[in-house]
Amino acid sequence: MGLTALNLAAIQGAGPGAKGTCACVRACVRGRACAAPLSVGWLVILQTGGAVRTPASGLCPPTPFPGPSLSFGKMSDTAVADTRRLNSKPQDLTDAYGPPSNFLEIDIFNPQTVGVGRARFTTYEVRMRTNLPIFKLKESCVRRRYSDFEWLKNELERDSKIVVPPLPGKALKRQLPFRGDEGIFEESFIEERRQGLEQFINKIAGHPLAQNERCLHMFLQEEAIDRNYVPGKVSA
């Protein structure tokens with residue numbers, strides 16, 4: 001029950017310096033019964049908006065409310081996290097600089113233009129290195145021309161369920177007669193096509209479904225492409 005006013009007679013009858021005054025005031029504010037008399041200095045105590053107003057010259061200064069005592073003991077050994085490093089085998093140079101566990105690298109380089117007239121064309125060296133068990137040879141190097149890449153793309157589109165990326169364009173305008181340059185045999189164009197073919201074959205060979213196709217294995221690892229081969233899957 002909130003305290004609204006104290007009995008004025010009780011306040012006036014109390015002598016100054018009465019013991020227990022502060023305790024009584026605190027008890028009254030908290031809604032408990034007062035056992036000790038109040039000093040003359042306390043005239044009226046009102047509880048307004050949850051705050052208690054007292055005279056500035058009160059005889060009993062308020063004492064802080066005792067809070068719970070905190071004790072900080074020594075943390076037990078079991079509560080301390082074990083930060084000791086696990087014993088591990090030191091890494092040697094073979095582990096640090098050896099090939100990754102699974103890798104497949106295909107480079108296209110060393111373009112060569114052969115033939116004359118309409119029979120002129122450019123071939124590219126295709127070199128593959130891998131440790132994937134699906135491939136019979138871990139290193140291989142063959143020569144392919146642009147039409148061989150076209151053959152591989154058509155075979156994959158027909159027999160596999162993957163989305164085959166596009167090849168670099170055929171540059172038909174560069175094949176028109178009476179040009180003032182070398183057309184498709186310009187060194188800059190050959191380099192541009194080489195980069196496009198390298199991106200194409202790496203995307204294809206890196207696909208797990210394409211790695212099971214016989215046409216890809218023939219393209220990468222056999223000297224000559226048998227265009228009359230029987231399509232099928234390769235198992236590791």
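Guide: The account below takes the salt bridges one group at a time. The model is a predicted one, and a search of the whole of it finds 12 salt bridges.

The side chains of Arg129 and Glu105 form a salt bridge, with a distance of 2.7 Å from N to O. Arg129 belongs to strand β4 (residues 121-130) and Glu105 to strand β3 (residues 104-114), so this pair ties together parts that are 24 residues apart in sequence.

A second pair involves a loop and a helix. Lys170 forms a salt bridge with Glu150, and their closest N and O atoms are 3.2 Å apart. Here Lys170 is located in the loop between α4 (146-159) and α5 (187-205), while Glu150 is part of helix α4, so the pair ties together parts that are 20 residues apart in sequence. Lys170 has a relative accessible area of 38% and is therefore partly exposed. Glu150 is also partly exposed, at 25%.

The next pair is found within a single helix. Glu191 and Arg194 meet through their side chains in a salt bridge of 2.9 Å, N to O. Both residues lie in helix α5, and they are three residues apart, about one turn of the helix. Where do the two partners stand in terms of accessibility? Glu191, at 33% relative accessibility, counts as partly exposed. Arg194, by contrast, counts as buried because its relative accessibility is 14%, and buried means under 20%.

Salt bridges may also share partners: in this way Glu155, Arg158 and Asp159 are joined into one network. With a relative accessible area of 9%, Glu155 is buried. Which residues does Glu155 touch, leaving aside those up to four places away in sequence? The contacts of Glu155 are Ser160, Cys215, Tyr229 and Pro231.

Glu155, for its part, is joined with Arg158 and Asp159 in one network.

Note on methods:
Residues are numbered from 1 along each chain as its sequence is written. This is a predicted model: local features need pLDDT of at least 70, side-chain atom pairs count only at pLDDT 80 or more; totals for chains, interfaces and linings use all residues. Side-chain values use heavy atoms; hydrogens and water are left out. A salt bridge is a side-chain nitrogen of Lys or Arg within 4 Å of a carboxyl oxygen of Asp or Glu. Helices (H or I, at least four residues) and strands (E, at least two) are DSSP runs, numbered from the N terminus. Buried means under 20% relative accessible area, exposed over 50%, partly exposed in between (1.4 Å probe, protein chains only). Contact means heavy atoms within 4.5 Å.
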